[in-house]
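Subject: Model for your review

Dear colleague,

I am passing on the structure we spoke about, together with notes on what was found in it. Please open it beside this message and read the two together.

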Amino acid sequence: MNHSPYIISVSVLQSIDKASVSRLIFRSGVVTGFCSSRIADEAANCLMSQADFEAVRSAQAERNQAAGRFKHESSQRPESGKGISFNSVSDELYENYESKYDGYARELPQDGDEEEQEIDGQDTGSRRLVGNYTAPKHLLNEFANDDQDTDIIQDKNTLKQISARESDYQKRRFDRALSPGRKDAFAGETNGTSEAQSYKDVMRQREQERDDQRLREEVEQRRLTAKLNGTEDDIDHATHKAALTEKDQAISQVVHGDLTPPRVVVDGDKTPPRTRKRRWDVATKTEEPDISSEVNTALKLDPSVDQTTKRSRWDETPVPVNGASTKRSRWDQTPAPGSVSAKQVTAPAAVIPTSFGTDVAGRNLPLSDEELDELLPKTGYKILIPPPGFEPIRAPAKRVQVEDADGGFVMPDLEQAQAQAKAINDQLPTDIPGVGDLQFFKQEDMKYFGKLMDTTDENQMSVDELKERKIMRLILKVKNGAPPMRKSALRQLTDKAREFGADPLFKQILPVLMERTLEDQERHLLVKIIDRILYKLDDLVRPWVHRILVVIEPLLIDEDFYARVEGREIISNLSKAAGLAHMISTMRPDIDHVDEYVRNTTARAFSVVASALGIPAILPFLKAVCKSKKSWQARHTGVKIIQQIAILMGCAVLPHLKNLVECIAPGLEDEQQKVRTITALAVAALAEAAAPYGIESFDTVLKPIWTGIRKHRGKGLAAFLKAAGYIIPLMDPEWADHFTNGLMTVLTREFSSPDEEMKKIVLKVVSQCAATEGVTQAFLRAKVMPDFFKNFWVRRMALDRRNYRQVVETTVELAQKVGVHEIVDRIVDNLKDESEPYRKMAVETIEKVIAIGGASEITDRLEERLIDGILYAFQEQSIEDPIMLNGFGTVVNSLGIRCKPYLPQIVSTILWRLNNKSAKVRQQSADLISRIAIVMKTCGEEQLMGKLGVVLYEYLGEEYPEVLGSILGALKSIVNVVGMTSMTPPIKDLLPRLTPILRNRHEKVQENTIDLVGRIADRGSEFVSAREWMRICFELLDMLKAHKKGIRRAAVNTFGYIAKAIGPSDVLATLLNNLRVQERQNRVCTTVAIAIVAETCAPFTVVPALMAEYRVPELNVRTGVLKSLSFMFEYIGEMGRDYVYAISPLLEDALTDRDQVHRQTSATVIKHLSLGVVGLGCEDLMVHLLNLIWPNIFETSPHVINAMTDAISGIRTAVGPGVLMNYLLNGLFHPARKVRTVYTKLYNDMYVQQAASMVPYYPLIESDDRNTWYKHSAMVWI
C-alpha cells in the first residue's frame, strides 16, 4: 500500500536528538493514520518518560482550560470534514482529543451531501484548511434557487412596492393599528363617534401598556436568570402544570395513587364548580389498559367534572353513528361511502380510496392513531408532543379540484397553475360601473373597493351608503385613474370635503394607506387627497388627528426625500387645522410609549408641529416634558423633539436658542444613560444649526459637557465629543484654543478605538478643531498629527467606506492649517503601497490638498517623490478609477513648468498605455492627455505634442465609442494649444477623417467631434476645401436631432463658423431645406442656425432668402422663417434698424393670419425688433405694428396672450408710455369685467416698468366742489 510521503521511521527518531525530533514532527505536517499514533508514542518515549509526558499533558490541559482556549469535542472537526488537518501531530500533543481519530472522515460522503454542506457554510464548527480558498458566499448562493420557477413580472411588481425597500425598523409601522377616534375637547361632543376616547382613557391605556411591558421584562429576566442557574425546566413545568384541567387532575390522581377525595357538592350549594380552560394538548384518556377502568371510575365518582361538556375530538378517529339524534359537526369526519368506519379497514390499500376520493377536502383531514398504525410500522417512530400553545388552523384550505378519468386526485401542472393565476389577474375589472376605465385594478383593491362591483339598486340605499360609494369611486379614480380622471376626481373631493364629512372620507382613505402592497405613486396620490381636504375640513379633522398621524408619521423616516417632504407638509397643515392644544393632547400619550418606534416618529412629528405653529407656542410644553419625573422615556422624547427642531429649522432656532438650551441642559446630568446621550446629540444639533453664532446661549452646558467627556465611555462619550466639536468653532479664538487643548487628550486616546461610530465622530471633531481660528499650527503638529497618521492612515481604513471619506476630509483640513508640504510629505510614500485602495486614498487626499493649497510649498526632493509616486500609482492600478486621473492631472497642472523634466517619462507612460488591450486603460490615457496638454505647451514640448497628435490620429479607428470620444477630446486639446499651422498631422488630413465619425450616434463622440470640427472651422478653415465643408454641413443636420443640448448647441455654432468660411449661400440653402422636416426640435435648431449665420455673415445675406422662403405655402416653413427672424433680431440688436421697414409687410401678413401660431411667432419677432430700435427713430413703424397687435389682446390661449403682452411691452419701450396711455384709457373703465381685466393687466405692467415716465401723461380732470384735480404743467418738473 502506498502511504503518505510523510511517514517517519521510528529508528530515525531514536537516532537523533530531542530538539530535532520535535522540529521534525511539527514540520512534517501530515502523518498517515495507521502510523501517527505509533510515531507520537515513540517520539514521546525518546523525549521523556510516559509519566512525565502524562503530567505535561494534564498541566497543559489545565492551562488551556483556564485561559479559555480549551476546545470541546463539538468545536473539533466533525465527521463530515474532508481530509485531515495539517499539524495533526501537534493537535494530538496539545489538544485533549477524546479519540485519536477525531478530525478524520469516518465514512464516505453520499450524493454530494458533504460538499454541499461545506459550501453552504452549515458546518460552523469545522476548521478550514490553511490553503482553502473559495468564492464569496453571496456569489455561491446567487443561483442556489435557480431551479425554482419564479414569476418575473410578479417579482418586478413586488419590487415597486414601498414595503419591498423598507427596513425591518420601518416595517414596524404595520404593527400600529388605527385607534378609535379622539374626543374633541373644544366641541363638547364626540362628533357622532360613540367609540371616541378621551384624553383620560388614552393615558390610562398607555399606563396599562407600560405595566404589561414591565411585567414581560420582569418575567423574561426571571427566565434568563433561571436559565443561567439551570432551573429553567422547573419554571416551565410549574407553568404548564397550572394549565391542566380538572379531568387531567383526576387522571393524575388515579395514576399516581393520589387518594385526595374529589370535590363533593353539598345540597343547596348554588355555586357552580370551577371549570378550567380546556387545552387541546392534554390527553383525554390514558392508553394503559390496566388503569383505564380506574380512571373511568374516578371520573364517574367526581361530581365536579361536567360529564356533558363537549370534548375536543380533533385527534379522534371519526366514526359515523347511525341514528344519532344529536347533530354533530362533520368537518373532522373522514368522508366514506356508507357507514364504513376506520376500524373495519384491514389493509392500507383499502384506506386510500376512502381517504382520497373525488372530494379533495378529505385529504386535508388529520389521521387517527389507528390509521397511522396501519399505514406505517409501529416501531422505529416516535410520537412527538405538540408544543404548548399550538393551535391548529381551522380555516379550510383553498380547493384545487383536478380530476382524471379514474376519479382520483392529480397534482396540478405548474404551468397550468401559473396560467390560471394570470387569467385571474386578467379578469380583474378595469371598467367599473360608475367609475369608468381605469389604468389598472389590483387584486388588493378588492378589499377596499369591492362594494363598487355590486349591482345593488342605488335607489334602495340609504344616504350614508350612497355617500360612501360616491367617496369610494372618487378615491379609486384618483388612485388608479388616468391623469384627466384623477384631476377631476381630486377637485370634486376637495370641493365637497365638508359636505362629505371627515368620518366618511378618512374611513376610506386611511385603510388604503395602511395597505402593505402600496406603491409610491399610489401613496403620493392618497397623501395628496389628505393634503387637499385638510384645508376644507379645518377643525372637523380633530377626532381623526391621531389616526392620520399613525399613517403619515412613517413618511418622516422614509428614505425618499420627497416622501419626507410630503409627510412634513401634511402634519404642518394638520396642526394648523386642529390647533396646538388638540395636537398636544393627541400626541402626549405617545411621548412615553413603550415602543421606541412610536416615540421616534412622534418626536419628528412634534418638530414639524413646532415649525408650523412656532417654537414659542410649544416651548412651555417641551420644558414640562424634558423635566418629567414620571418616566425617562418622556424626557428622552422631549429632548429628541428639540434635536429634530434644530435639524428641521436650521438657523431659525437662533431667536429661541437660549430657551431651548436651558430646556435640555438638565438632561446632560440625567440618571439615565440614554437621556444623557440624546441630550448631547441635541446640543450638537443646536450648535450646528446656530453656527457661527450663539456661543452665549451654550454657557450653561459647557461644564456638564466637559464633565461628561471625562466620565463617559462608548456611545455616551461619542455624543459628548460631537457636542464639543460643534461648540468649539463658535468660541472666540483664545477660548477655542483652551478647550481644544483639554479635548485633544481624550481625542488622541480614542484614535485607537475599535468602534466605527466613535472613529467617525473623532475624525469630525478633529476636523472642526483644526478649522477653528484659535488652534495653532504648532499645536496640531505636536499633539494631533503623529497620533492621527499613526491610527488613521492605515490600510484597513482605506477599505472602510464609512470612514474613508472622513479621513480624507480631516487630512485636508489639517493641510489648510499646517501647510501642504507637511501633509504631502507624510503621505507621499503611501503612493507606492502594495494596497491599491490605500494608494487611491493617498492620491485623492494629495489631489484635494494641492488643489486647495497649491504646489508652491513643495520642495524639489518632495516633488521628485511625488511625481514618482503618482506615476507608480497610475501605472499599477488594476481598475481604472477617475480618482487616479484627477489626481495626476491636478498634480501636473499645479507644478506647471516644474514638470518639464518629467514630461518625457509621463508621455512614454501614456503612449505605452495607449497600446493596452484594455479599453478602459486606453480611455484613461487619452483623458490624461487632455488634462496635461496646457502644461506641455507651457513647458515648450511641441515636439512631444506632435508625437502624441500623430498617435491619436492613428487611433481614430477605435471601435469602443467611449475610448474614441476620449481620443477626440485629446486631439481637441492639442489643436487648441498647438494651433492650426503647427498641428501634426496637418488639418487637411485630419478633417476628412472626422467627417465619417460625425455619423457616430454616441453622445460623447458626437460632442467632441463637433467641438473639434467647429474649432477647425473657426481658426483653420482655409486648410480644407469648400466641398468638404459642405459635406460636413449635411452631416451636421442630423446632429440637430440629438437629445443632449450641448450637442445641438455645438452643431448650431459650427454652422456659423462654416458659413463664415465658405460663404452663407450654400449653407443657408441647406438650412432652409431643413425647415420642411417634421420634427419640431430639428426645425427649431435650424432656425437658430440661420440666425447665427445671419449674425456671422451680416443680415443682408440672409434676410432676402428668408423673405423669399416665406412665400412657400407651407405652415412649417413659414413658421420657421418667423422663428429665424425672431432669433436673428435677438442676436443682431441695433443692426436690425436697417431691416425693419423691409420686413414690415411680412409682419403685417403674419399678424393678420388666421393661425394662432403665426400671430404668436410674429409677436415674438416684434418684441425683439422693437427692443433693438429703441431711440433710433422707428416710432412710426412701431405704432403701425401696435395697431395690428392690439386686437389680439383678448385671445384665450395662454401662449398667445404672453407673446402679445411681451410685444406691447417692447413697443411701449420704443415709443414711450404716452402713446400707450391713449390706448389703455379707453378700456380701463369699460362696463364689461373681462375687458377691464385685460386693460388693467396691461396698465399694471406699464406702471411697474415705467411709473415715472407716466406722470406727464396722466389725464387732467376738472375740479369739483369737493376735490381740486387741476395741476399746473410745471408741477411735473417740481
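Residues are numbered from 1 along each chain as its sequence is written, and side-chain values use heavy atoms, with hydrogens and water left out.

Overall picture

The protein chain holds 59 helices and 2 strands, where helices (H or I, at least four residues) and strands (E, at least two) are DSSP runs numbered from the N terminus. Of its 1278 residues, 44% count as buried; buried means under 20% relative accessible area, exposed means over 50%, and partly exposed lies in between, with a 1.4 Å probe and protein chains only. Among contacts (heavy atoms within 4.5 Å) with a separation of 6 or more, 71% join residues 24 or more positions apart.

Confidence

The mean pLDDT (the predictor's confidence in each residue, from 0 to 100) of the protein chain is 77, and 72% of the residues reach 70 or more. Where pLDDT is low, the predicted coordinates should not be read in detail.

Two packed helices are described by the angle between their axes and the distance between the axes. Here axes are lines fitted to C-alpha atoms, for helices over the stretch in contact, and angles run from 0 to 180 degrees between N-to-C directions. Helix α48 (residues 1026–1039) packs against helix α49 (residues 1045–1062) at an angle of about 160 degrees, with the axes 10 Å apart. The two helices are therefore roughly antiparallel, given that angles under 35 degrees count as roughly parallel, over 145 as roughly antiparallel, 65 to 115 as roughly perpendicular and the rest as oblique. Their crossing is left-handed, a term used if the near helix is turned anticlockwise from the far one by less than a right angle, and right-handed if clockwise. The residues that meet include W1029, I1032 and L1036 in α48, and A1051, F1055 and I1058 in α49. By class, this contact has 13 nonpolar, 1 polar and 1 charged residues, where Ala, Val, Leu, Ile, Met, Phe, Trp, Tyr, Cys and Pro count as nonpolar, Asp, Glu, Lys and Arg as charged, and the others, Gly among them, as polar.

Helix α47 (residues 1003–1019) also packs on α48, the axes coming within 12 Å and crossing at roughly 145 degrees. This crossing is left-handed. Q1006, I1010, V1013, I1016 and A1017 of α47 make the contact with W1029, I1032, L1036 and M1039 of α48, which by class gives 8 nonpolar, 1 polar and no charged residues.

R676 is found in helix α30 and is buried, with a relative accessible area of 16%. Leaving aside neighbours within four places in sequence, R676 is in contact with G667, L668, E669, D670, E671, H712 and F720. The peptide bond from A691 to P692 is cis, with omega near 5 degrees, and P692 lies in the loop between α30 and α31 (699–711). In α31 the buried residues are V701, L702, P704, I705, W706, G708 and I709, and what covers them includes α29 (657–664), α30, α32 (715–727) and α33 (733–750).

Other local points

- D538, in the loop between α22 (520–537) and α23 (545–552), has a positive phi near 55 degrees without being a glycine, and at 37% relative accessibility D538 counts as partly exposed.
- Q644 lies in helix α28 (residues 632–649) and is buried, with a relative accessible area of 10%; beyond four places in sequence, Q644 touches A603, R604 and S607.

Notes: This is a predicted model: local features need pLDDT of at least 70, side-chain atom pairs count only at pLDDT 80 or more; totals for chains, interfaces and linings use all residues.
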